[in-house]
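Have a look at the chains below, then work through each solution with us.

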Amino acid sequence: MRRITNIIFKIILCILTGVTLAALAFVIIFIVKEALPTFNDVSVHEFLFTNEWMPVEGIGSGARFGIFNFIAATVYVSFLAMLIAIVIGIGAALYLSCVATDRIRGIMYPFVDLLAGIPSVVYGFIGLTVIVRLFLKVGVHTGVCVLAAAILLAIMLLPYLISSCSETLLKNKEAYLRAGNALGVDAWYTISTVILPASWKNILTAMILAIGRAMGETMAVMMVIGNANLFPTLLGKSESIAAVIALEMGTAVNGSTHFHALYAAGLVLIVLLFIINVGINMIRNKLL
Amino acid sequence: MHIRGLFTKIWAYTGIIVVSVVIVFLFAFVFWKGGSTITWEFLSTPPAGLVLGSEGGILPAITGSLAFTLTAIVIGAVPAISTALYLVFFCKSRRMESMIHLVIQCIAGIPSIVLGLFSYSLFVRDLNFGRCILSSGIALGIMVLPFIEVRAEKTFRELNPAMIQSAYALGCNKTHTILTVVLPACRGELFSGIILGGCYAMGATAPMIFTGAVAFASNPTSLFEPAMALPLHLYLLVAQGHTSLDMAYGTAFVMMAVILISNVLVTMYARRRQREWKQ
Amino acid sequence: METIMNTESIGTEEYVARSAGTEAAMRVRELSVSYDNKETLHKITTEFPKHCITSIIGPSGCGKTTMLLSLNDLIREIQGVKVEGEILLGDKRTDAIPQEELRRRVGLVFQTPMPFPFSVYKNLTYAPRYYGNHNKKDLDRIVKEKLALVGLYDEIKTDLNKSALKFSGGQQQRICIARALTVEPDILLLDEPCSALDVRSISVIEETLLRLKSQYTIIIVTHNIAQARRLSDKVIFLKDGRLIEEGDAAGLFREPKEAETREFLRGIYG
């Protein structure tokens with residue numbers, strides 16, 4: 001009897017895992033399948049490296065599908081956000097791992113995790129009512145810009161960076177701080193020369209995960225980046241890939257090149273992510 | 001003190017202060033601005049007004065969000081936890097393990113808007129579900145699946161192997177061990193993974209824009225009809241401009257409150273279990 | 001299976017002569033274990049006499065724990081492991097015994113005390129319930145009897161419903177030993193059961209083991225030579241996955257035959 005329940009349980013588990021796997025694989029295949037027809041009308045090179053995006057045929061001019069600006073904006077805003085977030089995030093992680101007592105850590109971790117729970121629309125909303133207004137006052141035309149999106153995105157990335165960085169730092173602190181103390185070296189010196197360098201490898205991994213989140217983020221970025229097909233500059237408007245999809249999906253005619261092109265843009269986003277993952281991984285393995 | 005050490009110390013303190021200020025500001029700002037909008041009427045009536053939402057309340061958005069979230073949790077959590085159990089306790093082949101991990105990571109990397117796109121084409125268009133809670137729920141479920149799976153797998157792996165092997169050593173089979181030792185021991189973490197996954201699904205707008213969330217609907221009664229959702233409602237209010245700004249703050253207030261309360265509850269629950277049952 | 005019914009003499013000649021008359025509870029023949037094609041145990045042949053305490057000693061990484069895990073087949077839960085050779089429980093090959101039964105008959109206690117996160121009572125009744133015993137009176141009796149056996153009943157009889165994780169390390173370890181005994185095993189394996197404990201708890205556990213000897217066959221892995229000396233009837237010395245020397249404890253510690261054993265013992269004594 002026990003053996004039968006064991007077997008049944010195992011079979012159920014295997015089936016569920018199999019179904020999950022098949023479904024997830026199906027999602028990926030489906031996206032690829034929907035994206036491919038785009039390239040019947042537009043060459044891959046034109047799609048990726050030109051910057052004219054006119055999904056609907058105008059008078060006297062055909063439809064154009066070039067997403068170079070969108071790609072550039074996505075990468076630009078993500079890396080900028082990453083840079084801001086990593087500077088603040090590592091600082092906070094240093095405090096949490098090397099200064100805070102267990103008690104404080106127990107309070108601060110859930111506190112920082114709150115950031116991860118806030119819906120992106122709320123971020124976008126606060127971005128519009130606070131950051132954009134601030135920029136407007138300072139004199140940026142209309143206030144919406146790439147920098148505003150990057151700041152907002154940086155805040156959204158913080159919880160992921162902080163939790164994984166402080167986890168690594170804590171481990172390394174436990175391993176090395178006492179040895180440093182035993183040599184009579186100042187704790188902060190040990191932290192900056194031993195513990196932090198020893199943690200870089202895992203910090204890079206945390207950055208990979210965070211960059212994934214940044215590039216896929218739709219609503220918050222869309223609400224403050226201005227949504228204009230321009231090459232990204234720090235204080236200028238631009239438009240990310242995710243925003244294009246979200247804004248135009250509603251109007252794209254089913255089965256049209258426009259429709260498929262939005263899928264292709266999504267696929268480009270995934271491939272981009274993949275390339276960055278592999279790239280950072282390679283840097284990590286080479287340098288460290 | 002050595003200059004490098006001093007710099008690191010300043011870095012640490014600045015970092016934590018900036019983060020704390022940001023968090024406190026975000027919640028304080030929304031609660032302060034939205035507090036005056038929150039009345040029983042706001043929470044218990046549907047939106048109204050010439051420009052929709054400029055008057056009335058957000059009741060259908062609350063119930064709608066609840067429906068979306070529950071659907072997503074059911075669709076996402078069950079396969080997520082089964083997969084984690086399979087990987088940790090049954091999977092003997094490394095290749096199988098890394099293949100499953102690869103797929104999960106790929107899905108985790110897919111932007112939520114693309115998942116929305118997928119669900120729209122397959123369920124709304126090809127399978128003729130139309131825009132409905134289920135279509136969105138599936139997209140959201142796929143989105144939270146990796147989130148819950150990664151947490152569950154981590155929890156299972158962090159469980160002291162000696163505890164599991166002790167059960168094996170007493171002659172208990174895997175099923176019994178999982179049901180009576182592993183799941184109870186991980187209950188707190190699994191519960192928190194599911195709740196936080198739920199919050200994640202509740203706040204996600206992108207996957208449901210085309211698949212099931214609409215600008216106005218009554219309280220949902222079945223999985224096959226569209227519904228309102230808090231985040232989309234907020235987005236639309238913001239898009240309408242200044243007329244509905246107070247309502248927007250109120251809607252944001254509700255979402256922030258839900259996030260705050262669920263996080264506090266989850267943390268307290270985990271703490272209590274920890275205190276009672278762990279060293 | 002039938003072919004191994006006749007036991008040949010194994011081990012060094014002297015040992016066989018000395019231990020003649022003692023029946024073996026468990027026998028190992030040509031046991032090799034490898035993880036990912038890296039061999040951790042190489043053709044071990046030995047036996048564990050009934051109602052005796054057998055210690056397995058050796059430098060760390062020599063395969064002590066692997067050996068122990070092989071005996072009740074827990075080794076197979078590890079990925080990429082390959083086991084060759086045969087292990088006999090009584091006169092039956094262990095791979096011919098259903099895994100569940102084998103593990104019931106060969107109990108195991110781990111290095112770090114690892115009670116389940118339940119109450120003491122639930123910990124001790126966990127396995128009996130699994131085997132279908134739901135009689136409250138019977139379960140009460142088992143709890144009392146096994147806790148008494150490890151000398152813990154009087155100490156904690158008022159706290160049976162407290163989480164087992166709330167007790168001291170030594171008490172937790174004894175709870176684990178008691179838990180292993182609730183399924184009436186023939187053999188009790190202990191993997192460095194004292195290494196995480198303080199001196200006082202160690203001596204209590206050692207007393208417990210000496211008391212249990214009359215009812216159970218005990219096999220213990222330890223890195224503590226003094227402990228092996230205090231407890232064991234038989235000693236097995238492993239190094240780099242090979243069995244270097246085995247014999248009755250008094251003899252082996254007094255005059256080890258092999259140079260490597262001598263070196264190891266001398267190294268430990270400083």
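**Exercise 1.** Find which pair of chains has the most contacts.

*Solution.* Count two residues as in contact if their C-beta atoms, placed from the backbone, lie within 7 Å. Of the two pairs of chains that touch, chains A and B have the most contacts. Chains A and C do not touch, and their nearest C-alpha atoms are 9 Å apart.

This is a predicted model: local features need pLDDT of at least 70, side-chain atom pairs count only at pLDDT 80 or more, and totals for chains, interfaces and linings use all residues. Residues are numbered from 1 along each chain as its sequence is written, while chains are lettered from A and ligands numbered from 1 in the order in which they are written.

**Exercise 2.** Describe the contact between chains B and C.

*Solution.* First, the residues: 20 come from chain B and 22 from chain C. Next, the elements (helices are DSSP runs of H or I, at least four residues; strands are runs of E, at least two; both numbered from the N terminus). On the chain B side, helix H7 (161-169) of chain B gives the most, with six residues.

**Exercise 3.** Is C:Pro49 buried, partly exposed or exposed?

*Solution.* Start with its place, which is strand S2 (residues 38-49) of chain C. Now apply the cut-offs: buried means 20 or more other C-beta atoms, placed from the backbone, within 10 Å of the residue's own, exposed means 12 or fewer, and partly exposed is in between. C:Pro49 is partly exposed because 18 other C-beta atoms lie within 10 Å. Finally, the C-alpha atoms of C:Pro49 and C:Lys234 are 8.2 Å apart, although 185 residues separate them along the chain.
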